[in-house]
Amino acid sequence: MEIVAVIDFETTGLSPVQGDRATEIAAVLLENGKVVDRYQSLMNAGVRIPSYIEALTGISDAMIRSAPPAAEVMREVSDFVGDYPLVAHNASFDSRFWDAELARIQRARRQDFVCSLLLSRRIFPLAPSHKLGALVEYAKLPVAGRYHRALADAEMAASLLLRLEDELRLRHKVRDVSVELLRRIQRAPKNQLEKCLATPQR
(Lines give C-alpha, C1' and ligand atoms only; values in the text may rest on other atoms or scores of the structure.)
Protein backbone atom coordinates (compact mmCIF):
# COMPACT_ATOMS: atom_id res chain seq x y z
CA MET A 1 0.00 0.00 0.00
CA GLU A 2 1.04 3.61 -0.52
CA ILE A 3 2.62 5.59 2.31
CA VAL A 4 -0.15 6.87 4.58
CA ALA A 5 -0.25 9.23 7.55
CA VAL A 6 -2.27 8.04 10.53
CA ILE A 7 -3.32 10.96 12.70
CA ASP A 8 -5.04 11.48 16.04
CA PHE A 9 -6.23 14.61 17.84
CA GLU A 10 -6.95 15.25 21.47
CA THR A 11 -9.37 18.16 21.89
CA THR A 12 -11.39 20.17 24.39
CA GLY A 13 -14.65 18.67 23.12
CA LEU A 14 -16.47 17.14 20.20
CA SER A 15 -17.06 19.97 17.75
CA PRO A 16 -14.91 22.81 16.40
CA VAL A 17 -18.14 24.45 15.26
CA GLN A 18 -19.07 24.80 18.95
CA GLY A 19 -15.72 26.40 19.71
CA ASP A 20 -13.78 23.29 20.73
CA ARG A 21 -10.07 23.30 19.91
CA ALA A 22 -7.29 20.78 19.53
CA THR A 23 -4.90 20.26 22.44
CA GLU A 24 -2.60 17.60 20.98
CA ILE A 25 -1.91 15.98 17.63
CA ALA A 26 0.17 13.06 16.48
CA ALA A 27 0.87 11.63 13.05
CA VAL A 28 2.69 8.43 12.17
CA LEU A 29 3.84 7.56 8.66
CA LEU A 30 3.30 3.96 7.55
CA GLU A 31 5.39 2.53 4.73
CA ASN A 32 5.65 -1.13 3.74
CA GLY A 33 3.89 -2.24 6.90
CA LYS A 34 6.07 -0.28 9.31
CA VAL A 35 6.03 3.06 11.09
CA VAL A 36 8.88 5.03 9.49
CA ASP A 37 8.39 8.46 11.09
CA ARG A 38 6.39 10.17 13.85
CA TYR A 39 5.24 13.65 14.80
CA GLN A 40 3.64 14.57 18.13
CA SER A 41 3.01 17.83 19.94
CA LEU A 42 0.75 19.43 22.49
CA MET A 43 -0.72 22.65 21.13
CA ASN A 44 -1.80 25.85 22.85
CA ALA A 45 -4.98 27.26 21.35
CA GLY A 46 -5.54 29.67 24.26
CA VAL A 47 -8.54 27.79 25.64
CA ARG A 48 -9.25 26.15 28.99
CA ILE A 49 -9.48 22.37 29.21
CA PRO A 50 -12.68 21.09 30.85
CA SER A 51 -12.08 18.96 33.94
CA TYR A 52 -13.67 15.87 32.37
CA ILE A 53 -11.32 16.16 29.37
CA GLU A 54 -8.33 16.45 31.69
CA ALA A 55 -9.51 13.33 33.52
CA LEU A 56 -9.89 11.48 30.20
CA THR A 57 -6.62 12.52 28.56
CA GLY A 58 -4.36 13.59 31.39
CA ILE A 59 -3.70 16.84 29.51
CA SER A 60 -3.92 19.82 31.87
CA ASP A 61 -4.10 23.60 31.45
CA ALA A 62 -0.57 23.81 32.85
CA MET A 63 0.72 21.46 30.14
CA ILE A 64 -1.00 23.47 27.43
CA ARG A 65 0.32 26.81 28.72
CA SER A 66 3.89 25.66 28.03
CA ALA A 67 3.02 24.10 24.64
CA PRO A 68 3.78 25.76 21.29
CA PRO A 69 0.99 27.79 19.66
CA ALA A 70 -1.62 25.78 17.77
CA ALA A 71 -0.84 27.61 14.52
CA GLU A 72 2.83 26.66 14.71
CA VAL A 73 1.98 23.02 15.41
CA MET A 74 -0.52 22.83 12.56
CA ARG A 75 2.00 24.27 10.11
CA GLU A 76 4.54 21.67 11.22
CA VAL A 77 2.22 18.67 11.11
CA SER A 78 0.68 19.78 7.82
CA ASP A 79 4.16 19.94 6.30
CA PHE A 80 5.01 16.58 7.92
CA VAL A 81 2.11 14.68 6.29
CA GLY A 82 2.20 16.62 3.01
CA ASP A 83 -0.05 15.02 0.41
CA TYR A 84 0.01 11.51 1.90
CA PRO A 85 -3.43 9.93 2.31
CA LEU A 86 -4.75 10.51 5.84
CA VAL A 87 -6.07 7.78 8.14
CA ALA A 88 -7.84 8.15 11.47
CA HIS A 89 -9.99 6.04 13.76
CA ASN A 90 -13.39 7.72 13.59
CA ALA A 91 -12.18 10.01 10.84
CA SER A 92 -15.37 12.08 10.88
CA PHE A 93 -14.13 13.48 14.21
CA ASP A 94 -10.47 14.00 13.35
CA SER A 95 -11.21 15.39 9.88
CA ARG A 96 -13.40 18.14 11.37
CA PHE A 97 -10.61 19.30 13.66
CA TRP A 98 -7.96 18.88 10.95
CA ASP A 99 -9.96 21.08 8.58
CA ALA A 100 -10.86 23.65 11.25
CA GLU A 101 -7.33 24.02 12.59
CA LEU A 102 -5.89 24.18 9.06
CA ALA A 103 -8.39 26.89 8.13
CA ARG A 104 -7.05 29.01 10.99
CA ILE A 105 -3.65 29.08 9.25
CA GLN A 106 -5.20 29.64 5.81
CA ARG A 107 -4.53 26.11 4.61
CA ALA A 108 -6.90 23.48 3.24
CA ARG A 109 -6.80 19.69 3.16
CA ARG A 110 -5.97 18.25 -0.25
CA GLN A 111 -6.65 14.57 0.42
CA ASP A 112 -9.46 12.35 1.65
CA PHE A 113 -9.47 10.38 4.89
CA VAL A 114 -9.53 6.64 5.34
CA CYS A 115 -11.48 5.68 8.48
CA SER A 116 -10.24 2.61 10.35
CA LEU A 117 -13.47 2.55 12.38
CA LEU A 118 -15.62 2.20 9.24
CA LEU A 119 -13.20 -0.38 7.84
CA SER A 120 -13.29 -2.41 11.05
CA ARG A 121 -17.09 -2.53 10.97
CA ARG A 122 -16.88 -4.20 7.57
CA ILE A 123 -13.75 -6.35 8.01
CA PHE A 124 -14.26 -7.27 11.70
CA PRO A 125 -18.08 -7.43 11.88
CA LEU A 126 -17.98 -9.79 14.89
CA ALA A 127 -15.91 -7.49 17.10
CA PRO A 128 -17.85 -6.69 20.29
CA SER A 129 -17.21 -2.97 19.79
CA HIS A 130 -15.49 -0.88 17.16
CA LYS A 131 -13.94 1.60 19.57
CA LEU A 132 -10.16 1.66 19.24
CA GLY A 133 -9.44 0.07 22.63
CA ALA A 134 -11.89 -2.77 22.06
CA LEU A 135 -10.43 -3.48 18.62
CA VAL A 136 -6.87 -3.47 19.97
CA GLU A 137 -7.95 -6.13 22.46
CA TYR A 138 -10.02 -8.08 19.89
CA ALA A 139 -7.19 -8.20 17.35
CA LYS A 140 -4.54 -8.80 20.05
CA LEU A 141 -2.58 -5.71 19.06
CA PRO A 142 0.06 -4.11 21.28
CA VAL A 143 -1.07 -1.30 23.57
CA ALA A 144 1.21 1.59 22.62
CA GLY A 145 0.56 3.75 25.70
CA ARG A 146 -2.22 5.58 27.48
CA TYR A 147 -5.47 5.72 25.54
CA HIS A 148 -6.67 9.23 24.69
CA ARG A 149 -3.15 10.51 24.14
CA ALA A 150 -2.50 11.37 20.53
CA LEU A 151 0.69 9.44 19.80
CA ALA A 152 -0.43 6.24 21.51
CA ASP A 153 -3.80 6.33 19.75
CA ALA A 154 -2.20 7.07 16.37
CA GLU A 155 0.25 4.19 16.84
CA MET A 156 -2.58 1.82 17.76
CA ALA A 157 -4.72 3.01 14.85
CA ALA A 158 -1.74 2.34 12.57
CA SER A 159 -1.39 -1.18 14.00
CA LEU A 160 -5.11 -1.72 13.46
CA LEU A 161 -4.87 -0.54 9.85
CA LEU A 162 -2.07 -3.03 9.18
CA ARG A 163 -4.11 -5.80 10.82
CA LEU A 164 -7.11 -4.93 8.64
CA GLU A 165 -4.87 -5.09 5.56
CA ASP A 166 -3.64 -8.52 6.66
CA GLU A 167 -7.23 -9.70 7.06
CA LEU A 168 -8.04 -8.58 3.51
CA ARG A 169 -5.01 -10.41 2.14
CA LEU A 170 -5.25 -13.61 4.18
CA ARG A 171 -8.97 -14.16 4.60
CA HIS A 172 -10.33 -12.40 1.54
CA LYS A 173 -7.41 -13.12 -0.84
CA VAL A 174 -6.94 -9.49 -1.86
CA ARG A 175 -3.54 -9.26 -3.54
CA ASP A 176 -3.11 -5.50 -3.63
CA VAL A 177 -4.57 -3.40 -0.83
CA SER A 178 -4.66 0.20 -1.99
CA VAL A 179 -5.92 3.36 -0.36
CA GLU A 180 -8.59 3.56 -3.05
CA LEU A 181 -9.78 0.04 -2.20
CA LEU A 182 -9.98 0.98 1.49
CA ARG A 183 -12.06 4.04 0.59
CA ARG A 184 -14.39 1.85 -1.46
CA ILE A 185 -14.75 -0.62 1.41
CA GLN A 186 -15.60 2.08 3.96
CA ARG A 187 -18.32 3.43 1.64
CA ALA A 188 -19.86 -0.03 1.04
CA PRO A 189 -22.84 -1.27 3.08
CA LYS A 190 -21.61 -3.10 6.18
CA ASN A 191 -22.90 -6.52 5.06
CA GLN A 192 -21.60 -6.29 1.49
CA LEU A 193 -17.82 -6.61 1.87
CA GLU A 194 -17.57 -9.62 -0.42
CA LYS A 195 -19.61 -7.89 -3.11
CA CYS A 196 -17.42 -4.82 -2.81
CA LEU A 197 -14.24 -6.91 -3.16
CA ALA A 198 -15.67 -8.77 -6.15
CA THR A 199 -16.33 -5.55 -8.04
CA PRO A 200 -13.45 -4.86 -10.45
CA GLN A 201 -11.46 -1.79 -9.46
CA ARG A 202 -11.47 1.03 -11.97
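Guide: A definition comes first: on a 1 Å grid over the protein atoms alone, a cavity is a set of points where a 1.4 Å probe fits but cannot get out, and a pocket is an open set with protein on both sides within 12 Å along at least five of seven lines; lining residues have an atom within 4 Å of a point. Grid points are joined across faces, edges and corners, and a volume is the space filled by probe spheres set on the points. This is a predicted model, in which local features need pLDDT of at least 70 and side-chain atom pairs count only at pLDDT 80 or more, while totals for chains, interfaces and linings use all residues. Residues are numbered from 1 along each chain as its sequence is written, and side-chain values use heavy atoms, with hydrogens and water left out.

Visitor: What volume does the largest cavity have?

Guide: The volume of the largest cavity is about 60 Å³. The structure holds 1 cavity of 30 Å³ or more.

Visitor: Which residues line the largest cavity?

Guide: Its lining includes S78, V81, W98, L102 and R110. Two or more lining residues come from each of α3 (70-81) and α4; helices (H or I, at least four residues) and strands (E, at least two) are DSSP runs, numbered from the N terminus.

Visitor: And the largest pocket, what is its volume?

Guide: The largest pocket has a volume of about 570 Å³. Of the 20 residues that line this pocket, D8, N90, F93, H148 and D153 lie nearest its centre.

Visitor: Which element gives the most to that lining?

Guide: Strand β1 gives the most, with 4 residues.

Visitor: Changing topic, how many salt bridges does the structure hold?

Guide: There are 12 salt bridges in the structure, each being a side-chain nitrogen of Lys or Arg within 4 Å of a carboxyl oxygen of Asp or Glu. One of them joins E24 to R149, with the closest N and O atoms 2.9 Å apart.

Visitor: Which parts does that pair tie together?

Guide: E24 lies in strand β2 (residues 22-31) and R149 in the loop between α6 (132-138) and α7 (150-170), so the pair ties together parts that are 125 residues apart in sequence. E24 is buried, at a relative accessible area of 1%, whereas R149 is partly exposed at 21%. Buried means under 20% relative accessible area, exposed over 50%, and partly exposed in between (1.4 Å probe, protein chains only).

Visitor: What about R171 and E167, how far apart are their closest N and O atoms?

Guide: In that salt bridge the closest N and O atoms are 3.1 Å apart. R171 is exposed, with 61% relative accessibility, while E167 is buried, with a relative accessible area of 7%. Salt bridges that share partners join R163, E167 and R171 into one network.

Visitor: One more residue, please: where is D94 placed?

Guide: D94 is in helix α4 (residues 91-104). D94 is buried yet has no salt bridge, and the nearest side chain of opposite charge, R96, is 8.6 Å away. For charge, Lys and Arg count as positive and Asp and Glu as negative; His and the chain ends are not counted.

Visitor: What does D94 touch, then?

Guide: Leaving aside neighbours within four places in sequence, D94 is in contact (heavy atoms within 4.5 Å) with I7, D8, F9, A88 and H89. A polar atom of the D94 side chain lies 2.9 Å from the backbone nitrogen of F9.

Methods
Polar contact = N/O pair within 3.5 Å; in protein donor to acceptor, adjacent residues only side chain to side chain.
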